[in-house]
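Let's take a friendly walk through one part of a protein model. Have the sequence and the 3D view ready as you read.

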Amino acid sequence: MTSSNTAEPPPTPMRLLVFAGFLGSGKTSLILPLATLLAAGGIRTCFIVNEVGDVGIDQQVMRDGGLEVYEITAGCICCQLTVDLVTTLGEIETRIHPDVVIIEASGVATPTGIHSALDHYQGTPLAAIHTVTVVDPTRIEALLAVMTPLIEGQIIGADEILITKMDEATDDEVALALDAVARLHPQAPVHTVSVHDRAGLAPALSALAEAVRP
Amino acid sequence: MTTTQELLQQRKDRIAAAIALEKPDRVPVVPLGDAFAANMMGVKISDFCTKPEVAYPTMIDAFTQLGDLDGIQHASYNVSALSTIWLSKVKWPGRDLPDNELWQVEELELMTTDDYDVIAEKGFGEWLGGFIPRADLGEEFQLFREGWVPTLPAAMKAWEAVGIPVLSPVIFTIPYEYFCGGRSMRAFVLDLYRMPDKVEAAMQATMPFIKETARQVIRGLGVSGCWLGGWRSASEFLSPKLWERFVLPYYKELAAVVIEEGITPVFHFDSNWTRDLSYFLDFPKAKCVISTDSMTDIYKAKEVLGGHMCVMGDVSPSMLTLGTPEKVKEYSRRLVNDLGPTGFILAQGCCIPPDAKPDNVRAMIEAVHG
């Protein structure tokens, strides 16, 4: 006879960590060390890459780092991605049910757009969605001038900002990036990091891990 | 009893009335689905997207099972068309991907910044002749020009033989889309910042080729409408100033040619164009259709442009896949009631996705019938 005493407790709802940021801003380079950190803390993690074009990730490296990788691609640039994101998330919940799903959003997506897509998710309600936008200071001046609504939307919609490539950027470029974030989203916690020499990386990743810790 | 020819004419008249901002007997529904049709009919995507003799019969078989539609947006499909729009390599199912995976545009820098100078100096046509082999796009352009385009008249005829007119069987677009694809979006954005005059000179030098090609295709194929596509050039990405400089004038120029040739430009706009809707008041009245994909606010489009151009859309691809027939019908009916009866065509936003539920598509089509 079965009873509620012997039944498995329902699994903890999944938590999402969404990485936004324009193409080439360094999202992928941040995700592997973050996943390693999460794995070291016993947090089961999956990764959805939802990138337009030159994905450039080595999925085997990701897998070797203990990460289940799901790649979403679409025929052109647009409408299929929402559906694929939602169905992939459903598949992950059914098959793996990790603690955390990291989503690398398309470089032309905004956090608002990702949240709208996730409104269609029909699985167990998610425990949390935390969005971090990665800002590349070496290109911020050009990107803000050209892709103004997109880049502003990526910054405004974030819960947290990571300014990357600190080892490559000049002081003026970093100042410009910090000014843009302060102007657009003054409440957002900001981290400055360099994946290359790991400067600032540990506290930034710890903060992200904490944001999605069950 | 109504003959197929009479039915065809009724449907053509209904669509024509909607475009002319006259009151049709009811709102027309004009969908589009490519890989969706292949999946529904159990046809391999690799065959569907490369073999014209498979593509259009599959689409006809699928859509004639889905209800009483008034037209179809495209007569056929071929994956090679994507390479011609974005000057890009595309991974093909059956060639680069498993047979039933969806094609995938590759974001590679096939063009260099030097190409802008060559285009400005020699013109786009001459440049393209050298670019195609250099970018290894020979197979794509050959299939497009020799394998697919010549089959379009037969495809359109086959649709008309079952009483369904084809609204916009061919696609033209602006230089922004070509260059953004050919350079890759990542590089092209920096070009617009670092060398805007050079990019602009190349765009201006490209327009004669695009316009001449459009004229030849329209006359050669005898189409009554075309897509003027906008994907990467959407308002939601680009600064207003740059959009006014690098996007708008080219749509104006291209639309003028298409209208001069006596056919209907259908602005097929993916992503969000809400910010710039009012610019389309400058286009000729009652001659164009603006088709939005559910990201643009279609109610705003109707409010701004309703007395000026026909609005088409916008049952979202997500709803067609993840929703229920009840939800699809409810949303579609709301569009018909709120945006009709004049100047509105019901359709999916963008394209019916490959994994949409046929019952949901059926519900959208039924919605115009009450």
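Which residue of strand 5 of chain B does B:Cys226 stand opposite? B:Cys226 faces B:Pro265. Keep in mind that this is a predicted model.

**The sheet**

Strand 4 (residues 225-230) and strand 5 (residues 264-269) of chain B run parallel, and 6 bridges join them. They belong to an open sheet of 6 strands in chain B, with the order 3-4-5-6-7-8 and parallel pairing. Strand 3 (170-173) and strand 8 (344-348) of chain B stand at the edges; each has a single partner strand, so one side of each has no neighbour in the sheet. From one strand to the next, the twist averages 25°. Helix 15 (residues 298-305) of chain B packs on the sheet, where it touches strand 6 (289-292) and strand 7 (310-315) of chain B. The direction of helix 15 makes about 175° with that of strand 7 of chain B.

**A pair of helices**

Two packed helices are described by the angle between their axes and the distance between the axes. In chain B, helix 12 (residues 196-221) packs with helix 14 (residues 248-260) at an angle of about 25°, and their axes are 10 Å apart. Angles under 35 degrees count as roughly parallel, so helix 12 and helix 14 of chain B are roughly parallel to each other. Helix 12 passes helix 14 of chain B in a right-handed crossing.

The table shows who makes the contact.

| Helix of chain B | Residues in the contact |
|---|---|
| Helix 12 | B:Met203, B:Met207, B:Ile210, B:Lys211, B:Ala214 and B:Arg215 |
| Helix 14 | B:Tyr250, B:Glu253, B:Leu254, B:Val257 and B:Val258 |

By class, this contact of helix 12 with helix 14 of chain B has 8 nonpolar, no polar and 3 charged residues.

Note on methods: Residues are numbered from 1 along each chain as its sequence is written. Chains are lettered from A and ligands numbered from 1 in the order in which they are written. This is a predicted model: local features need pLDDT of at least 70, side-chain atom pairs count only at pLDDT 80 or more; totals for chains, interfaces and linings use all residues. Two strands pair if DSSP finds at least two bridges between them. Helices (H or I, at least four residues) and strands (E, at least two) are DSSP runs, numbered from the N terminus. Axes are lines fitted to C-alpha atoms, for helices over the stretch in contact, and angles run from 0 to 180 degrees between N-to-C directions. Two residues are in contact if their C-beta atoms, placed from the backbone, lie within 7 Å. Angles under 35 degrees count as roughly parallel, over 145 as roughly antiparallel, 65 to 115 as roughly perpendicular and the rest as oblique. A crossing is left-handed if the near helix is turned anticlockwise from the far one by less than a right angle, and right-handed if clockwise. Ala, Val, Leu, Ile, Met, Phe, Trp, Tyr, Cys and Pro count as nonpolar, Asp, Glu, Lys and Arg as charged, and the others, Gly among them, as polar.
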